[in-house]
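Dear colleague,

Here is the structure I said I would pass on. Please look it over; my notes on it follow.

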Amino acid sequence: MVDARSHFHQELEALEHSLLDVADRCERMTAMAVDALTLGDLDLAAKVEAADAELDRMYLETHNRWLNLMARQQPMGGDLRMMSALLHLNVTLERTGDQCVNIAKLAKLAEGLPTRARIIEQIREMGDLVRPMIRTAAEAFVRRDADEARLLPAMDEPIDRINRVMYREVVDCAPDTRLIEWATHMMMAARALERIGDQAVDIGEQTAYP
């Protein structure tokens, strides 16, 4: 029985670290998506979509490993809570990848439209702020570091602030129909980045409030 439980915890740890790899990929995908959008790099946008296909494969693989572990070990108590948290983490990271794809698709829609430097600067700032949140959330979860996880809402505040004021930048573009079309795409990208920040906070809550 002792050996069975030891094996279970080894598999559980392996599952956690595979999710840390997924978080690494999400962080890189976020950087790629923001670059694709702000630089108008459609080749990079295509790479984001390809990376998401791999992320989806990893999501399904992790989900199947999770199901297999649940069926064989039937965990209870703290182990069951951890399994539940891992399932939630897997789903949340997959959705983060989806948001990156949404941003990459906006790069395609914005091709050939006029741009405004101030809005590009804000999008890049949001990307710079949100990427460390993904890393912090995943590492805090693996280390069971509730104090680090509780830092995430404060890290999210400036992202929320930029997202809230983005509509003003869009309104300022109104006299130019092509410019406002581009700005509307940027507002949607800001919303996607804001959602990534929220997803990181959500992961943190799984650590801070088990």
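Pro153 is found in helix H6. Please bear in mind that this is a predicted model. With a relative accessible area of 42%, Pro153 is partly exposed, because residues between the limits of 20% and 50% are placed in that class. Glu49 is 104 residues from Pro153 in sequence, and their C-alpha atoms are 29 Å apart in space.

Overall architecture

The protein has seven helices and zero strands, and along the sequence the pattern reads α-α-α-α-α-α-α. Taken along the principal axes, the C-alpha atoms fill a box of roughly 70 × 30 × 20 Å. The chain holds 210 residues, and 45% of them are buried. Its accessible surface comes to about 10,300 Å², and carbon and sulfur atoms account for 53% of that area. Of the contacts between residues at least 6 apart in sequence, 86% join residues at least 24 apart.

The nonpolar core

The largest nonpolar core has 61 residues. The members that touch the most others are Leu37, Leu86, Leu93, Ile119, Ile123, Trp182 and Leu193. At least two core residues come from each of H1 (2-39), H2 (42-73), H3 (77-109), H4 (117-143), H6 (152-172) and H7 (177-208). H1 gives the most, with 13 residues.

Leu37 is one of the members listed above.

Apart from residues up to four places away, Ala107 touches Ala36, Leu37, Leu42 and Ala45. Leu42 is 65 residues from Ala107 along the chain, yet the two C-alpha atoms are separated by 6.8 Å.

Which residues does Leu55 touch beyond its neighbours in sequence? Leu55 lies in helix H2 and is buried at 2% relative accessibility. With neighbours within four places left aside, Leu55 is in contact with Val22, Arg25, Cys26, Met29, Leu93 and Gly97. Leu55 and Glu94 are 39 residues apart in sequence, and their C-alpha atoms are 6.9 Å apart in space.

Ile203 is in helix H7 and is also buried, with a relative accessible area of 4%. Beyond four places in sequence, its contacts are Leu89, Thr92, Leu93, Ala137 and Phe141. Thr136 lies 67 residues from Ile203 in sequence and 9.6 Å from it in space, C-alpha to C-alpha.

H4 has 27 residues. From its first C-alpha to its last H4 reaches 40 Å, close to the 39 Å expected at 1.5 Å a residue.

Not counting residues up to four places away in sequence, Gln122 touches Ile162, Val165, Met166 and Glu169. On the spacing of such residues, an α-helix has 3.6 residues a turn, so residues three or four places apart point the same way.

What is the backbone doing just after H4? There, Arg144 takes a positive phi of about 60°, although Arg144 is not a glycine. Most residues other than glycine have a negative phi. Arg144 is placed in the loop between H4 and helix H5 (146-149). At 41% relative accessibility, Arg144 counts as partly exposed.

The side chain of Arg144 also has a feature to check. Its charged end sits over the ring of Phe141, 5.9 Å from the ring centre.

As for pairs between aromatic rings, the count comes to zero, with ring centres within 6.5 Å as the cut-off.

Regards

Notes. Residues are numbered from 1 along each chain as its sequence is written. This is a predicted model: local features need pLDDT of at least 70, side-chain atom pairs count only at pLDDT 80 or more; totals for chains, interfaces and linings use all residues. Side-chain values use heavy atoms; hydrogens and water are left out. Rings of Phe, Tyr and Trp (its six-membered ring) pair if their centres lie within 6.5 Å; planes under 30 degrees apart count as stacked, over 60 as edge-to-face and the rest as tilted. A charge sits over a ring if NZ of Lys or CZ of Arg is within 6 Å of the ring centre and within 35 degrees of the ring normal. A nonpolar core is a set of buried Ala, Val, Leu, Ile, Met, Phe, Trp, Tyr and Cys residues joined through side-chain atoms within 4.5 Å. Buried means under 20% relative accessible area, exposed over 50%, partly exposed in between (1.4 Å probe, protein chains only). Helices (H or I, at least four residues) and strands (E, at least two) are DSSP runs, numbered from the N terminus. The expected span of a helix is 1.5 Å times one less than its number of residues. Contact means heavy atoms within 4.5 Å. Accessible areas come from the Shrake-Rupley method with a 1.4 Å probe; for residues, only the protein chains shown count as cover.
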